[in-house]
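Q: I'm new to this one. Can you put it up and walk me through it?

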Amino acid sequence: MMSEARYKAANKYLQEMAKLMNLSHFDVYLERAYTDTVDGVSVAASSKADTNISSIAVRLSTTFFESNGFSDLSEDQRNTICHELVHAHVDLMVLHTYRNATIRDLVGSQVFAMFEETGNNVMEQMVNQISNGWATSLPLPPRFPK
Ligand SMILES: [Zn+2]
């Protein structure tokens with residue numbers, strides 16, 4: 001669990017970024033628990049939109065707060081938050097296409113699994129392209145407390 005001071009600072013930055021990224025129609029939540037892996041893969045952060053696409057919950061990993069020794073920590077943090085928030089813009093399309101249960105039932109789960117894997121990979125590339133371009137025009141985060 002994040003310390004109260006860290007949570008407050010990270011949430012303040014997340015809300016500021018959401019506003020600057022045209023997400024004022026979204027409720028953006030930061031979860032207090034750390035998430036270091038998703039489906040067994042290490043991640044800096046993850047996010048999940050609700051099925052109405054009106055809110056998104058963002059989770060940060062412990063590594064989000066640590067320098068990797070190669071790149072600038074605050075730039076990495078800005079990229080990560082920007083990436084997760086671009087997901088909020090894209091999730092409507094995702095839920096109506098390759099995560100749509102009706103389509104899965106129509107095409108069968110084997111075909112759907114291929115469709116889902118490709119869709120996911122292409123979507124992540126697209127989110128990266130958008131967020132890499134967008135992040136540089138957004139403010140860097142403060143130094144987050146322990
Ligand atoms: Zn992503």
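A: Start with two helices: α2 and α4 cross in a right-handed way. Right-handed means the near helix is turned clockwise from the far one by less than a right angle. Helices here are DSSP runs of H or I with at least four residues, and strands are E runs of at least two, numbered from the N terminus.

Q: Which residues of α2 and α4 make the contact?
A: On α2, they include R78, C82 and V86; on α4, among them are M123, V127 and W134. Contact means C-beta atoms, placed from the backbone, within 7 Å.

Q: What's the angle between α2 and α4?
A: About 130°, with the axes 8 Å apart. Axes are lines fitted to C-alpha atoms over the stretch in contact, and angles run from 0 to 180 degrees between N-to-C directions. α2 and α4 are therefore oblique to each other. Under 35 degrees is roughly parallel, over 145 roughly antiparallel, 65 to 115 roughly perpendicular, and the rest oblique.

Q: Is this an experimental model or a predicted one?
A: Predicted; local features need pLDDT of at least 70, side-chain atom pairs count only at pLDDT 80 or more, and totals for chains, interfaces and linings use all residues. Residues are numbered from 1 along each chain as its sequence is written.

Q: Now strands. How does β4 pair with β5, parallel or antiparallel?
A: Antiparallel, over five bridges. Pairing takes at least two DSSP bridges. A45 stands opposite L60 in β5.

Q: What's in the turn between β4 and β5?
A: Five residues separate the strands of this hairpin, and I53 in the turn has a positive phi of about 55°.

Q: And how many bridges join β1 to β5?
A: Four, and these strands run parallel. V28 stands opposite I56 in β5.

Methods:
Contact = placed C-beta atoms within 7 Å.
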